[in-house]
Amino acid sequence: MRMTLKFTGKARSATGGLWKRWLGRFVVGVGCAYLCAVGFLFFMSGSSGRLDASLAQSIVVGGLPLLIVALFALPGRGTGPSVLAMLAVALPHPTLF
Amino acid sequence: MRDVLRTRMGWLHAWVGFVGGLVLVVAFTGGTLALFDTEITRWMQPELAALPAAAMTGQALDHAGAQVWALREKGQIVFLNLPSARDPVLRILHYDGHAFVGPVLDPRDGVEVKSRATEGGQLFFDLHQSLYRGPVWGNLMTEAAGIGLIVAVISGVIIHWRNLVPDLLLFRPFAAPGRAWLDAHIMAGVLLLPFVTMMAYTGAVIHAPRLFPMIGAGHAAKAASRAGGGERRDGGAYAPLAPIFAQAEEIFGRGRIGFVMFGSGTVSFYRADAADFAMTRDHADFSAVDGKLVGVTRVGHGMRRLDGAMRGLHFIRWGTPGLRWLYFVGGVVGSMMMSAGLVLFLMKHRRGQGGGVMLGLAETLALAVTLGLPLAALGFLWGNRLLPADLAHRAELETRIFFLLWLGALVHAALRCFRGAVRHGWREQACGIAVLGCALPFLDIVSRSGTGVRLHWDLYLGVDACALGFGLLALWGQRMMVRAR
Amino acid sequence: MIVLASLVCWGLALLGHGLLQPKIRRLLHVGDGRRGMLRVMRLGLPLVALAVSARLDMPLAILVWVGTFSVGGLLAGGALAAVAVYRRGGC
């Protein structure tokens, strides 16, 4: 079975389902990774032993694609782990403003 | 299809690679040409070929300074670019929203040299960094595409992990078309892995404030804080620039001053980007009235230089010609590798189906960025030489020619792809590149005959040889397509 | 000159690496001989390229070494492909 832009028959529903699931996972993964990155940057700019802005951005730009791939590669159908990761990193930091 | 890591990574690589690749091929091709933006600009101003190489004199600098102050008093925000090994003339530059343009001055006396107005190689620089869409949305798109490229690289490495080293040089051009394209894509991708990753990463770091606007102020804020120009100073003469320049050279070293910015009451001499690996824009500020040193700004060592080091690695303005050519080859092969990725994606989705609107659109866009862009770039060079040198608004017209040609290539691609003649579309655009590329050296010689063919011959030879090389490559490619029918 | 020397070293090293791979040996109809020499080339020449590049200033040296790896690899891959096409045509 191939992934195509146009599907036929049973293959269409099976592959289409998988395609939609992966697309959803990718979108959620990118959103989570972005929020994690923003959370990290806020944390670094607000913490007492603050990192240099260039260094923080360099770390974030290196980490963001890794996180996107890692979230996409996580086993399981749900997006639970990525949501948890997002909450763990991003939510505490708005309090720093 | 089983939902396992390899298939997931295959999906991620294919879709991020294709959607991002449409932007990345443009950014990579533009960036590759922008490596020689100064040289392309000089090629596009053939009147400068008649100017013999000469060192800048104090008289020229003072004369140029007086012209800049006069322009500033008229409300224009301009600065003075000093001669360098790559561009041995003085230039009074202003930012037109896409490129730094302005009159050229003779380094011997500071008198304006009549040369045609052009955006030159900076068009490709702007295309590379913002797709000519400005510093907000354009930068954001290339930034997102850069992150996408790193995602595609990581997923590609995971897919190919087991065969990464054994198949490093495996290329079978005689295999089935899909396999041959895949071999070429993988071989170039793996060999260029350090270069592509480094360029994507440093580029993404440089424009990171675009992706995280809530954190950094970004370039716009920096530019705004720097600008502060155009205002009129009340009365009095300005100090001549030559003695101040000598002081600045004592601070940063001989031949290490790149450009001069003019503020309200101050003149700032900036260290050249070519002077050091880290592009830190160190500068010495002097009083514009009496030329006394006001202050020196240097970026210290350690983490503060990180941003400059990223820029230095990405732009390599400090690099030797050999390194610049290495980057150029990396950029050309990188663009081809991404284009091969686009072709592979289309081949995979073309199998077993007669077409469809989405597939037609994908093929149209892939053809327009892969061959349409080089075609438009060559057309831009042709337009530069064919338009009269003293035409009003000629820089804008040249740019319009570039984008009209690119639009034409897109329309042509759409007509071919939606009518099921994709191969014809690729062949015809390759033919266009072959004609424009192979004939460019002749156009150069004919249109430069009145200026001085022998002076700066290496610069013209470089541009002409590259155009000829790409033309021959396109000719070979289209012949291969004919044979493969 | 240094760039060229580093390029030649990397090209030969990667050529050696390619000739050690069973798939490429089959494509080129190459026997099992001279593996030792190819291994020495593969291991030694990158170090020679590094030593040559190290004569340049530091960030430049690393960039030249890595850059010549890429271009040298492309040249070596192209050479192997050309030989494979020639051998295939000759068979």
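Tutor: Buried area is the accessible area, taken with a 1.4 Å probe, that two parts lose on being put together, summed over both. The model discussed here is predicted.

Student: About how much area do chain C and chain B bury between them?

Tutor: The contact takes 29 residues from chain C and 25 residues from chain B. Of the area buried by these two chains, 84% is on carbon and sulfur atoms. The total for chain C and chain B is about 2,200 Å².

Student: Which element gives the largest share of the side of chain C that touches chain B?

Tutor: Three residue pairs are in polar contact between chain C and chain B, with both residues at pLDDT 80 or more. On the side of chain C, helix H1 (2–19), helix H2 (22–28) and helix H4 (58–90) each supply at least two residues. The largest share is 20 residues, and it comes from H4(C).

Student: How do the residues on the side of chain C that touches chain B divide by class?

Tutor: H4(C) gives 20 residues to this side, the largest share. By class, the side of chain C that touches chain B has two charged, nine polar and 18 nonpolar residues.

Student: Which side chains meet in a salt bridge between chain C and chain B?

Tutor: The count of salt bridges between chain C and chain B is one. Its N to O distance is 3.1 Å, and the side chains that meet are those of Lys23(C) and Asp167(B).

Student: How many salt bridges does the rule find across the interface of chain A and chain B?

Tutor: In this interface, 37 residues of chain A are in contact with 39 residues of chain B. The two chains bury about 3,500 Å² between them, 76% of it on carbon and sulfur atoms. Four residue pairs are in polar contact, both residues being at pLDDT 80 or more. The number of salt bridges across the interface of chain A and chain B is zero.

Student: Which helix gives the largest share of the side of chain A that touches chain B?

Tutor: The rule finds zero salt bridges between chain A and chain B. The elements that give two or more residues to this side of chain A are helix H1 (9–46) and helix H2 (53–73). The largest share, 15 residues, comes from H2(A).

Student: At roughly what angle do the axes of helix H6 and helix H12 of chain B cross?

Tutor: H6(B) covers residues 177–191 and H12(B) covers residues 321–350. H6(B) passes H12(B) in a left-handed crossing. Among the residues that meet there are Trp181(B) and His185(B) in H6(B), and Met337(B) and Leu344(B) in H12(B). The two axes come within 9 Å and cross at roughly 145 degrees.

Student: Is the crossing of H1(B) and H5(B) left-handed or right-handed?

Tutor: Helix H1 of chain B spans residues 5–34, and helix H5 of chain B spans residues 134–160. Their axes come within 7 Å and cross at roughly 145 degrees. The crossing of H1(B) and H5(B) is left-handed.

Student: Leaving aside its neighbours within four places in sequence, which residues is Asp276(B) in contact with?

Tutor: Asp276(B) lies in the loop between strand E7 (266–271) and strand E8 (283–287) of chain B. Asp276(B) and Gly319(B) are 43 residues apart in sequence, yet 9.0 Å apart in space, C-alpha to C-alpha. With those sequence neighbours left aside, the contacts of Asp276(B) are Arg271(B), Arg305(B) and Trp318(B).

Note on methods:
Residues are numbered from 1 along each chain as its sequence is written. Chains are lettered from A and ligands numbered from 1 in the order in which they are written. This is a predicted model: local features need pLDDT of at least 70, side-chain atom pairs count only at pLDDT 80 or more; totals for chains, interfaces and linings use all residues. Side-chain values use heavy atoms; hydrogens and water are left out. Axes are lines fitted to C-alpha atoms, for helices over the stretch in contact, and angles run from 0 to 180 degrees between N-to-C directions. Helices (H or I, at least four residues) and strands (E, at least two) are DSSP runs, numbered from the N terminus. A crossing is left-handed if the near helix is turned anticlockwise from the far one by less than a right angle, and right-handed if clockwise. Contact means heavy atoms within 4.5 Å. A salt bridge is a side-chain nitrogen of Lys or Arg within 4 Å of a carboxyl oxygen of Asp or Glu. A polar contact is a pair of N or O atoms within 3.5 Å; within protein, one must be able to donate a hydrogen and the other to accept it, and residues adjacent in sequence count only if both atoms are side-chain atoms. Ala, Val, Leu, Ile, Met, Phe, Trp, Tyr, Cys and Pro count as nonpolar, Asp, Glu, Lys and Arg as charged, and the others, Gly among them, as polar.
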